[in-house]
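Here is a short briefing on how one protein chain folds. Keep the picture in view as you read.

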Amino acid sequence: MLKVDNINVFYGNIHAVKDVSFEVNEGEIVTLIGANGAGKSTTLKTISGLLHPKTGDVLYKGKSIKGVRAHKIVEAGLAQVPEGRHVFLHMTVEENLDMGAYTQPASTIAPNKEKVFELFPRLKERRKQLAGTMSGGEQQMLAMGRALMSNASMLMLDEPSMGLSPLLVQEIFDIIQNIHKEGMTILLVEQNAQMALSVADRAYVLETGRVVMDGTGAELLTNERVRSAYLGG
Ligand code: ATP
């Protein structure tokens, strides 16, 4: 469904992503794990059209999306939930969800909102609340719900567990698995390697901008090098 083919991404002279290639097949959860600064967010932003690779290509459903504007990529069915959520703080929960549907015909908004409310009952309870007054976990749910309003067939999540308590991390990962069970293809970027590998079909490890290892989630969970570098031994 998604093929990242040998991309190189720079910030000025800084070579942040080096010859990175990987694939996400339809129906999979694939995770990119790695330490701070490994290039995970840069890779996601390149796929979603916010950054452009100097060389290499990104293919979505067999077609190159390199150089395509970010909103067109969302329209094509590939939605990103950014690191740090970036919900509209001065809008209500429901208004945030409506913003996620701006690429969609009006007739799809109500049924999609109902689906989002089924996945996130908390958002339904809080539909009139200002997003800026919600907790970190609730804002993460809202950011995910907003992305789902775009009728996406693939979701990219950037550090959904960041800054959340262990209980909420578990809740967010349960929801990710529920969304996946309903047929969503997911690319998940995480520093919480333990959680990410335990839900992922396959995973890639990024170090200083390069893919240094890949395998199934289960394989990497028991891999010695991954255990000592990312899973606290
Ligand atoms: P984190 O988990 O800390 O977000 P990451 O793996 O997502 O890390 P990136 O944010 O992709 O890493 O950063 C990759 C490299 O690019 C780092 O060395 C970072 O300092 C650099 N970088 C990121 N954004 C910029 C920018 N806007 N300008 C210059 N350098 C940047």
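Two strands count as paired if DSSP finds at least two bridges between them. By that rule, K3 has E23 as its bridge partner in β2. The model is predicted.

**The four-strand sheet**

- Four strands form an open sheet. Their order is β2-β1-β4-β5, and the pairing is antiparallel.
- β2 and β5 (63-64) stand at the edges, each with a single partner strand. One side of each is therefore left without a neighbour in the sheet.
- Strand β1 (residues 2-11) and strand β2 (residues 14-24) run antiparallel, and seven bridges join them.
- L2 in this pairing stands opposite V24 in β2.
- β1 and β2 form a hairpin, with two residues between them. In the turn, G12 has a positive phi of about 60°.
- β1 is also joined to strand β4 (residues 55-60) by five bridges, and these two run antiparallel.
- K3 has a bridge partner in each of two strands: E23 in β2 and L59 in β4.
- Helix α1 (residues 40-47) lies across β1, β2 and β4. The helix runs at about 115° to β1.

**The six-strand sheet**

- A second open sheet has six strands, in the order β6-β7-β8-β3-β9-β10. Its pairing is mixed.
- Which strands stand at the edges, each with a single partner strand? They are β6 (78-81) and β10, so one side of each is left without a neighbour in the sheet.
- Neighbouring strands of this sheet are turned by 15° against each other on average, direction ignored.
- Strand β9 (residues 202-207) and strand β10 (residues 210-216) pair in the antiparallel sense, over six bridges.
- Two partners in β10 can be named: Y204 has D214 as its bridge partner, and E207 has R210.
- β9 and β10 form a hairpin with two residues between the strands. T208 in this hairpin takes a positive phi near 35°.
- In a regular strand, side chains alternate between the two faces of the sheet.

- Helix α6 (residues 136-148) lies across β6 and β7 (154-158). α6 runs at about 165° to β6.
- Helix α7 (residues 166-181) packs on the sheet too. α7 touches β3 (29-33), β7 and β8 (185-190). Its direction makes about 155° with that of β8.

**Helix α3 against α4**

- How do helix α3 (residues 93-100) and helix α4 (residues 109-119) meet, and what is the angle at which they cross? Their axes come within 11 Å and cross at roughly 125°.
- The crossing of α3 past α4 is right-handed.
- From α3, the residues in contact are E94, L97 and D98. They meet I109, K113, V116 and F117 in α4.
- By class, this contact of α3 with α4 has four nonpolar, no polar and three charged residues.

**Helix α3 against α6**

- α3 and α6 pack at an angle of about 35°. Their axes are 7 Å apart.
- α3 passes α6 in a right-handed crossing.
- V93, N96, L97 and G100 in α3 meet L142, G145 and R146 in α6.
- The residues of this contact divide into three nonpolar, three polar and one charged.
- L97 takes part in both contacts of α3: with α4 and with α6.

**Salt bridges**

- Side chains of opposite charge can pair when their charged atoms come close.
- How many salt bridges does the structure hold? There are 13 salt bridges.
- One of them joins R202 and E28, with the closest N and O atoms 2.7 Å apart.
- R202 lies in strand β9, and E28 lies in the loop between β2 and β3. The pair therefore ties together parts that are 174 residues apart in sequence.

Methods: Residues numbered from 1 in each chain as written. Predicted model: local features only at pLDDT ≥ 70, side-chain atom pairs only at ≥ 80, totals over all residues. Heavy atoms only, no water. Axes fitted to C-alpha atoms, helices over the stretch in contact; angles between N-to-C directions. Contact = heavy atoms within 4.5 Å. Left-handed = near helix turned anticlockwise from the far one by under 90°. Nonpolar A, V, L, I, M, F, W, Y, C, P; charged D, E, K, R; others polar. Salt bridge = Lys/Arg side-chain N within 4 Å of Asp/Glu carboxyl O.
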